[in-house]
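Work through the exercises below with the model open beside the text. Each task is followed by a solution in steps.

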Amino acid sequence: MKTASPQLIARLLLTASCAISPMVFAHGDVTPQAVDTKTLPSLGEQWREENPYRGSNEAIRIGTSAFAQNCARCHGLQAVSGGIAPDLRQIDRDCLTQKDETKKQACFKEIDNYFTLSAKRGKTRNGAVYMPPFEGILNQEAIWSIKAYLETLRVMPAMPAMAAPQSSAKPAIAEKTSSKKKL
Ligand code: HEC
């Protein structure tokens with residue numbers, strides 16, 4: 001996963017903390033918003049490995065406001081990242097171009113797992129909290145609803161332009177000739 005250096009993120013978070021919500025950030029204290037999921041089929045205690053609400057309109061509706069209230073201040077309004085945190089519209093981007101249907105489904109499942117794990121545990125590096133844990137605050141229904149919402153915002157990767165043939169060959173040759181010249 002391509003992520004900025006911890007230092008950069010720390011600096012960005014610091015900037016954000018001053019600009020957006022000094023109280024919340026300065027104390028590492030988050031005011032989470034309760035999410036009402038009563039209108040969704042209940043999922044019980046056992047965490048699912050895959051999003052059971054994929055494409056559900058009610059889940060998408062709930063996920064839209066749950067995201068806006070709990071995630072948008074870092075991950076951006078409508079999940080368009082301003083650079084502070086990863087752009088969650090892109091989280092299963094690599095799965096979308098997978099041609100083999102079995103591998104594609106396995107890819108979505110893996111990302112689903114990673115998503116709920118990230119949301120439950122939050123993100124901590126070198127003792128610094130980059131994202132607070134949502135376990136015990138948002139239930140499984142709310143977290144899957146957020147994922148269902150994000151799935152409606154997926155950005156398809158540009159197809160043909162990506163397949164630049166042997167793009168790594170050129171710099172390698174250029175490097176060789178230039179180093180020969182120097183010698
Ligand atoms: C205080 C800011 C903040 C809030 C609030 C926040 N996040 Fe994050 N989130 C981050 C940062 C920063 C990272 C990247 C951490 C890293 O790279 O170690 C991250 C990473 C993630 C990742 C992993 C993304 C990836 O590409 O690896 C997921 C999934 C995620 N957040 C989901 C959520 C959800 C869902 C919510 C709301 C319920 C949320 N986050 C709320 C800051 C936040």
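Residues are numbered from 1 along each chain as its sequence is written.

**Exercise 1.** State how many helices and strands the chain has, and in which order they run.

Solution. Helices (H or I, at least four residues) and strands (E, at least two) are DSSP runs, numbered from the N terminus. The chain has eight helices and two strands. From the N terminus on, the order is α-α-α-α-α-α-β-β-α-α.

**Exercise 2.** Find which element has the lowest mean pLDDT and which the highest.

Solution. pLDDT is the predictor's confidence in each residue, from 0 to 100. The chain averages 81, and 70% of the residues score at least 70. Where pLDDT is low, the predicted coordinates should not be read in detail.

**Exercise 3.** Describe how helix α3 packs against α7.

Solution. Axes are lines fitted to C-alpha atoms, for helices over the stretch in contact, and angles run from 0 to 180 degrees between N-to-C directions. The axes of α3 (residues 57-70) and α7 are 7 Å apart, at an angle of about 95°. The two helices are therefore roughly perpendicular, a term for angles of 65 to 115 degrees. Among the residues making the contact are Gly-63, Ala-66 and Phe-67 of α3 and Trp-144, Ile-146 and Tyr-149 of α7.

**Exercise 4.** Is Ile-146 buried or exposed?

Solution. Ile-146 is found in helix α7 (residues 140-151). A residue is buried if 20 or more other C-beta atoms, placed from the backbone, lie within 10 Å of its own, and exposed if 12 or fewer do. Ile-146 has 31 within 10 Å, so Ile-146 is buried. Leaving out residues up to four places away in sequence, Ile-146 touches Gly-63, Ala-66, Phe-67 and Cys-71. The C-alpha atoms of Ile-146 and Ala-66 are 6.5 Å apart, although 80 residues separate the two along the chain.

**Exercise 5.** Which residues are closest to the ligand?

Solution. Of the 22 residues that surround the ligand, the closest are Cys-71, Cys-74, Ala-85, Ser-118 and Met-131; a residue counts if its C-beta atom, placed from the backbone, lies within 6 Å.

Notes: Predicted model: local features only at pLDDT ≥ 70, side-chain atom pairs only at ≥ 80, totals over all residues. Contact = placed C-beta atoms within 7 Å. Parallel < 35°, antiparallel > 145°, perpendicular 65-115°, else oblique.
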